[in-house]
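Hi,

Here is the structure I promised to pass on.

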Amino acid sequence: MGKKIFFHGISAGILSATACIIFNKIYFFATEADFSKVLNIPVLIGINILACLVAAIVYWLAIKWLPKSGEIFFNFAFTILSFASVIIPIYFSLPLDIKYPELFPGLAVPMHFFPALAWFTLQPLFSQDKVS
């Protein structure tokens with residue numbers, strides 16, 4: 001995998017993790033619902049960096065196997081998978097000792113879009129084709 005794509009994945013993962021941590025703090029301040037037993041800072045960092053590194057691998061494979069349409073295919077697939085993945089927090093069963101379980105999807109669902117948003121935000125910095 002190219003260095004540029006790897007750094008894109010790491011950078012997007014860090015940006016996404018930072019956004020999730022900030023959103024988690026804002027959500028707690030607004031609702032006082034504490035989901036730190038399920039979504040704590042190390043989990044948020046790990047999941048976001050892993051998701052963006054997997055995205056970098058898939059992106060690399062897409063542009064390698066589909067040179068003309070790989071980027072479009074990847075962008076479409078990443079967006080669709082982000083939307084499809086919101087089903088996970090909706091059906092996730094929380095431990096019985098957590099208060100306000102009905103508020104959990106309001107925290108976790110938006111976070112599923114942060115890796116894709118971070119990837120697309122940083123894409124111009126790592127783009128192969130620069131306009132002169």
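Below is what I found, going from the whole chain down to single residues.

A word on the ground rules. This is a predicted model, so local features need pLDDT of at least 70 and side-chain atom pairs count only at pLDDT 80 or more, while totals for chains, interfaces and linings use all residues. Residues are numbered from 1 along each chain as its sequence is written, and side-chain values use heavy atoms, with hydrogens and water left out.

**The whole chain**

The protein chain has six helices and zero strands, and reads α-α-α-α-α-α along the sequence. (Helices are DSSP runs of H or I with at least four residues, strands are runs of E with at least two, and both are numbered from the N terminus.) Its C-alpha trace spans about 55 × 25 × 20 Å along the principal axes. Of the 132 residues, 33% count as buried; buried means under 20% relative accessible area, exposed means over 50%, and partly exposed is in between, using a 1.4 Å probe and protein chains only. Take the contacts (heavy atoms within 4.5 Å) between residues at least 6 apart in sequence: 78% of them join residues at least 24 apart.

Helix α2 (residues 41–65) and helix α3 (residues 70–84) have axes that come within 8 Å and cross at roughly 145°. Those axes are lines fitted to C-alpha atoms over the stretch in contact, with angles from 0 to 180 degrees between N-to-C directions. From α2, the residues involved are Ala 55, Val 58, Tyr 59, Ala 62 and Ile 63, and they meet Gly 70, Glu 71, Phe 73, Phe 74 and Phe 78 in α3. By class, this contact has eight nonpolar, one polar and one charged residues. (Ala, Val, Leu, Ile, Met, Phe, Trp, Tyr, Cys and Pro count as nonpolar; Asp, Glu, Lys and Arg as charged; the others, Gly among them, as polar.)

**Aromatic rings**

How many aromatic pairs are there? The count comes to twelve, where rings of Phe, Tyr and Trp (its six-membered ring) pair if their centres lie within 6.5 Å, and planes under 30 degrees apart are stacked, over 60 edge-to-face and the rest tilted. Phe 23 and Phe 114 have ring centres 5.8 Å apart and planes at 85°, so they are edge-to-face. Because Phe 23 lies in helix α1 (residues 3–31) and Phe 114 in helix α6 (residues 114–126), the pair ties together parts 91 residues apart in sequence. Phe 23 is partly exposed at 21%, whereas Phe 114 is buried at 16%. Tyr 59, Phe 74, Phe 78, Trp 119 and Phe 120 form one aromatic cluster.

**Cysteines**

There are zero disulfides, a disulfide being a pair of cysteine sulfur atoms within 2.5 Å. Cys 20 is buried at 2% relative accessibility, and Cys 52 is buried at 0%.

**Two more residues to look at**

Asn 24 is in helix α1 and is buried, with a relative accessible area of 18%. Beyond its neighbours within four places in sequence, Asn 24 contacts Leu 39, Leu 44, Leu 107 and Met 111.

His 112 sits in the loop between α5 (104–111) and α6 and is partly exposed at 23%. Not counting residues up to four places away in sequence, His 112 touches Ser 82, Ser 85, Val 86, Ile 88 and Pro 89.

Cheers
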